[in-house]
Amino acid sequence: GPSNQQDQSVYEERHLRYISPLGKGNFGSVELCRYDPLGDNTGELIAVKKLQPNKQSNLEDFQKEINTIRSLHCDYIVKYRGVCYSMGRLSMSLVMEYLPYGSLIGYLEKNRQLINNRRMLLFASQICKGLEYLQSMRYVHRDLAARNILVASDTLVKIADFGLTKIIPFDKEYYRVTHPGESPIFWYAPESITESKFSHKSDVWSFGVVLHELFSYCEHNCNPKRLYMQEIGNDMQGLSISMHLVDILKDNWRLPAPPLCPPRVRHLPQPYATLRVA
Ligand SMILES: CCS(=O)(=O)N1CC(CC#N)(n2cc(-c3nc(Nc4ccc(C(=O)OC(C)(C)C)cc4)nc4[nH]ccc34)cn2)C1
């Protein structure tokens, strides 16, 4: 690969210094490491994603995730750095840029007082531009949520975690998933719940839920899951949660605008109102 360390593409495991855990999911986990070939602690900090050594997480999906993130070059999408092979265990890890401020959820909860509407709209526009870039590459993210948005600085956020991302076939407008798996249904558009159909439009729906999280400052007592369950809980009749959710959405119930949401965001101008958002 290119000479300087920044564009490194293969990282040698022997120079990787584990520092701390950064995040965890069903099939993978992300760790903070320092890549320190000189052994003098001057190496760069990197985020390393490993597969959980359980049976379900399969290497093929991880390989697809690596190929996806490697093909993305956008200021509003977390950057691929390279891969690290661990021969002994015949497995590999994904090396990415380390975003020091962590997930958007923790950042909003911690810095709530300091963040005004102007900054909130800046973050929203950056996520929107990241999504626009993904759509220009025919990718559907399928897991757009505040938990998967990372904070690079006080004025920059990036879309991360491409574990569920799919490419829309050239002759279709949507991607149909065969195995719904662990679905984040409270961020899903109705057609994704009922027909496992994912498209640029369903990503826009999820972006609407992310806007709700943003203007709720990711407060856990008004997160989308809790608000939807409160609404559904009132008429639980044995149907599955997802069927109840689709019912209230088809009855045009929507997440209530967060109390602190500015009027111009609360009431989108008419043309945008047709943009189905959560
Ligand atoms: C879903 C399966 S998953 O396991 O693959 N996985 C979880 C996932 C969700 C998303 N997105 N994730 C990505 C990162 C991540 N974090 C960072 N920085 C930081 C910096 C600070 C902190 C922090 O203060 O944390 C504590 C716990 C509050 C001390 C956390 C993270 N930089 C990154 N660069 C590339 C990825 C990446 C973490 N979790 C993707």
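In this predicted model, helix α6 (residues 224–233) and helix α7 (residues 241–250) have axes that come within 10 Å and cross at roughly 90°. Angles of 65 to 115 degrees count as roughly perpendicular, so α6 ends up roughly perpendicular to α7. On the α6 side, the residues making the contact are Y228, M229, E231 and I232, and on the α7 side they are I241, H244, L245, I248 and L249. Sorted by class, the contact of α6 with α7 turns out to have seven nonpolar residues, with one polar and one charged residue joining them.

Another helix pair is worth a look too. Two packed helices are described by the angle between their axes and the distance between those axes. For helix α2 (residues 104–111) and helix α3 (residues 117–136), the axes come within 13 Å and the crossing is at roughly 175°. Anything over 145 degrees counts as roughly antiparallel, and α2 and α3 are therefore roughly antiparallel to each other. Here L104, Y107 and L108 of α2 meet R119, M120, F123 and I127 of α3. The class count for the contact of α2 with α3 comes to six nonpolar residues and one charged residue, with no polar ones.

Now for the ligand. There are 21 residues around it, and G25, G28, K49, E97 and L99 come nearest. Sorting the shell around the ligand by class gives 10 nonpolar, six polar and five charged residues.

Some backbone atoms sit within reach of the ligand's own N and O atoms. For S29, a backbone N or O atom lies 3.5 Å from an oxygen atom of the ligand. In the case of E97, a polar backbone atom is 2.8 Å from a nitrogen atom of the ligand. L99 likewise has a polar backbone atom at 2.7 Å from a ligand nitrogen atom. Taken alone, the ligand would expose 810 Å², and the protein buries 72% of that. As for where the shell comes from, the elements giving two or more residues to it are the strands β2 (16–24), β3 (28–35), β4 (44–51) and β6 (91–97).

How values were computed. Residues are numbered from 1 along each chain as its sequence is written. This is a predicted model: local features need pLDDT of at least 70, side-chain atom pairs count only at pLDDT 80 or more; totals for chains, interfaces and linings use all residues. Side-chain values use heavy atoms; hydrogens and water are left out. A residue is near a molecule or strand if one of its heavy atoms lies within 4 Å of it. A polar contact is a pair of N or O atoms within 3.5 Å; within protein, one must be able to donate a hydrogen and the other to accept it, and residues adjacent in sequence count only if both atoms are side-chain atoms. Accessible areas come from the Shrake-Rupley method with a 1.4 Å probe; for residues, only the protein chains shown count as cover. Helices (H or I, at least four residues) and strands (E, at least two) are DSSP runs, numbered from the N terminus. Ala, Val, Leu, Ile, Met, Phe, Trp, Tyr, Cys and Pro count as nonpolar, Asp, Glu, Lys and Arg as charged, and the others, Gly among them, as polar. Axes are lines fitted to C-alpha atoms, for helices over the stretch in contact, and angles run from 0 to 180 degrees between N-to-C directions. Angles under 35 degrees count as roughly parallel, over 145 as roughly antiparallel, 65 to 115 as roughly perpendicular and the rest as oblique. Contact means heavy atoms within 4.5 Å.
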